[in-house]
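Dear colleague,

I am passing on the structure that we spoke about, and I would be grateful if you could look through it alongside the notes below.

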Amino acid sequence: MSTDTPDAPSDDAPSRAELAARVDELEDALTEATAEDDGKKMSIIATKGTLDMAYPPLILASTAAAFGYEVTVFHTFWGLDILHEKRSKNLKLSSVGNPNMPVPNAVAALPGMDRVTTKMMEKKIDDNDTATIEELIETSLDMGVEFQACQMTIDLMDYDEDDFYDGVTTGVGAATALEDMADADIQLLV
Amino acid sequence: MSAEYDISETLDVKGASCPMPVVKTKQAIDDIEVGGVLEVLATDSGSMSDIDGWAGGTDGVELLSQEEGDDVYKHYVRRTE
């Protein structure tokens, strides 16, 4: 049986003072890390501008904001139309390419059919008291959701920065979106 | 009404559908005092699961109870911080 005292300091073991300093250092690092990771974050990339595809990012954004998430929605390509004050009130539903539509594709491809199916959907939305796109955007903005409009596609589509809802961030690109995604707990491409 | 709470505020979201019952509940609870109870009246049947899920995943709120009445779903949420 050894008679060595287990706590006795040996030459290569760190001293009590060194250990205490190391503990302090680690505690500081932990405080910093938890403070930085305080809030939950969600990042959504919205790329579609049809009426049906405009809903999911807005519903998830407003709901995540209600959960206390810091939410960023980066709108690019047709997704820009969701933030476009005028176009957002007139988003269309495509009647072609969706086999769940009540009309066969051959009929759906006829001129004016998109207008018909859009009207049908708008009526359903109204009858069901489903929030409109405008309502969801205004509510999300109220709750602190950050809507970003991709500058490259603003230029590509020939939109003006004033075309978007008040509160929409312009002058941002892919790097901004990537930074948000890297930092987020939830990342979605819609 | 069977729930016996000292209700601070009643939010009527009858008719509204997802995501509005949850979103309006969040907005309303932020406006009441800590410790206060918010009564939410909804007709959206999804609100039973949604408000439960929201309260479970959100800091500072506690779901006290939910009731399924005649066509109206009642939710009682306390603000805890």
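Predicted model: local features only at pLDDT ≥ 70, side-chain atom pairs only at ≥ 80, totals over all residues.

Residues are numbered from 1 along each chain as its sequence is written, and chains are lettered from A and ligands numbered from 1 in the order in which they are written.

Chain A holds an open sheet of five strands in the order E4-E3-E2-E1-E5, with parallel pairing (strands, E, at least two residues, and helices, H or I, at least four, are DSSP runs numbered from the N terminus; two strands pair if DSSP finds at least two bridges between them). Strands E4 (169-172) and E5 (186-189) of chain A stand at the edges with a single partner strand each, so one side of each has no neighbour in the sheet. From one strand to the next, the twist averages 20 degrees (axes are lines fitted to C-alpha atoms, for helices over the stretch in contact, and angles run from 0 to 180 degrees between N-to-C directions). Strand E1 (residues 41-46) of chain A is joined to E5(A) by four bridges, and A:Ser43 has A:Gln187 as its bridge partner in E5(A).

The largest nonpolar core has 52 residues, of which A:Ala61, A:Ala65, A:Val71 and A:Val73 touch the most other members (such a core is a set of buried Ala, Val, Leu, Ile, Met, Phe, Trp, Tyr and Cys residues joined through C-beta atoms within 7 Å; buried means that 20 or more other C-beta atoms lie within 10 Å of a residue's own, with C-beta atoms placed from the backbone). H2(A) gives the most to this core, with nine residues.

In helix H6 (residues 133-142) of chain A, the buried residues are A:Ile133, A:Leu136, A:Ile137, A:Thr139 and A:Ser140. Because they cover an arc of only 170 degrees around the axis, they lie on the same side of H6(A) (the arc is that of the directions from the helix axis to the C-beta atoms). These buried residues pack against helices H2 (51-66) and H3 (80-83) of chain A together with helix H1 (20-29) of chain B.

Finally, the contact between the chains takes 13 residues from chain B and 12 residues from chain A (residues are in contact if their C-beta atoms, placed from the backbone, lie within 7 Å). On the side of chain B that touches chain A, H1(B) gives the most, with four residues.

With best wishes

Notes: Buried ≥ 20, exposed ≤ 12 C-beta atoms within 10 Å, placed from the backbone. Contact = placed C-beta atoms within 7 Å.
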